[in-house]
Amino acid sequence: MRLKAQGDPDKVVVTIAGEKTTSLQSMMKVMDACRQAGVTQIGLAARQSENR
């Protein structure tokens, strides 16, 4: 996994931003992969809907 090549996974910050059609299950798989690589700082990015 590329995260392991970045050095100390405790110092890596990952922000996950899915597209409108991205399933929650897919995003959870990414979060799980990050955790398995030792990353503890995981965030989710969201945008306000343009329809408001």
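Helices (H or I, at least four residues) and strands (E, at least two) are taken here as DSSP runs, numbered from the N terminus. By that rule the chain has 1 helix and 2 strands, and from the N terminus on the elements run β-α-β. This is a predicted model, in which local features need pLDDT of at least 70 and side-chain atom pairs count only at pLDDT 80 or more, while totals for chains, interfaces and linings use all residues. Residues are numbered from 1 along each chain as its sequence is written, and side-chain values use heavy atoms, with hydrogens and water left out.

**Whole chain**

Show the surface first. The chain exposes about 4,500 Å², of which carbon and sulfur atoms supply 48%; the areas come from the Shrake-Rupley method with a 1.4 Å probe, and for residues only the protein chains shown count as cover. A residue is called buried under 20% relative accessible area, exposed over 50%, and partly exposed in between (1.4 Å probe, protein chains only). Buried residues make up 17% of the 52 residues in the chain.

A contact means heavy atoms within 4.5 Å. Among contacts between residues at least 6 apart in sequence, 68% join residues at least 24 apart.

**Helix α1**

Select residues 24-36, which form helix α1, and turn on the side chains of Asp32 and Arg35. These two side chains meet in a salt bridge, at 3.2 Å from N to O. The term requires a side-chain nitrogen of Lys or Arg within 4 Å of a carboxyl oxygen of Asp or Glu. How many salt bridges does the structure hold? It holds 1. Asp32 and Arg35 are separated by about one helical turn, because they are 3 residues apart in helix α1. Asp32 is partly exposed at 37% relative accessibility, and Arg35 is partly exposed as well, at 45%.

Met28 has a relative accessible area of 35% and is partly exposed. Its C-alpha atom is separated by 9.8 Å from that of Ile16, 12 residues apart along the chain.

**Strand β2**

Move to residues 41-44, strand β2, and select Leu44 in it. Is Leu44 buried or exposed? At 55% relative accessibility, Leu44 counts as exposed. Not counting residues up to four places away in sequence, Leu44 touches Ile16, Met27 and Met31. A C-alpha to C-alpha distance of 8.5 Å separates Leu44 from Val14, 30 residues apart in sequence.

**Largest pocket**

For the last stop, select Ala17, Gly18, Glu19, Lys20, Ala45, Ala46, Arg47, Gln48, Ser49, Glu50 and Asn51, which line the largest pocket. A pocket is an open set of points on a 1 Å grid over the protein atoms alone, where a 1.4 Å probe fits, with protein on both sides within 12 Å along at least five of seven lines; lining residues have an atom within 4 Å of a point. The volume is about 370 Å³, taken as the space filled by probe spheres set on the points, which are joined across faces, edges and corners.

Colour the lining by residue class: 3 are nonpolar, 4 polar and 4 charged. Ala, Val, Leu, Ile, Met, Phe, Trp, Tyr, Cys and Pro count as nonpolar, Asp, Glu, Lys and Arg as charged, and the others, Gly among them, as polar.
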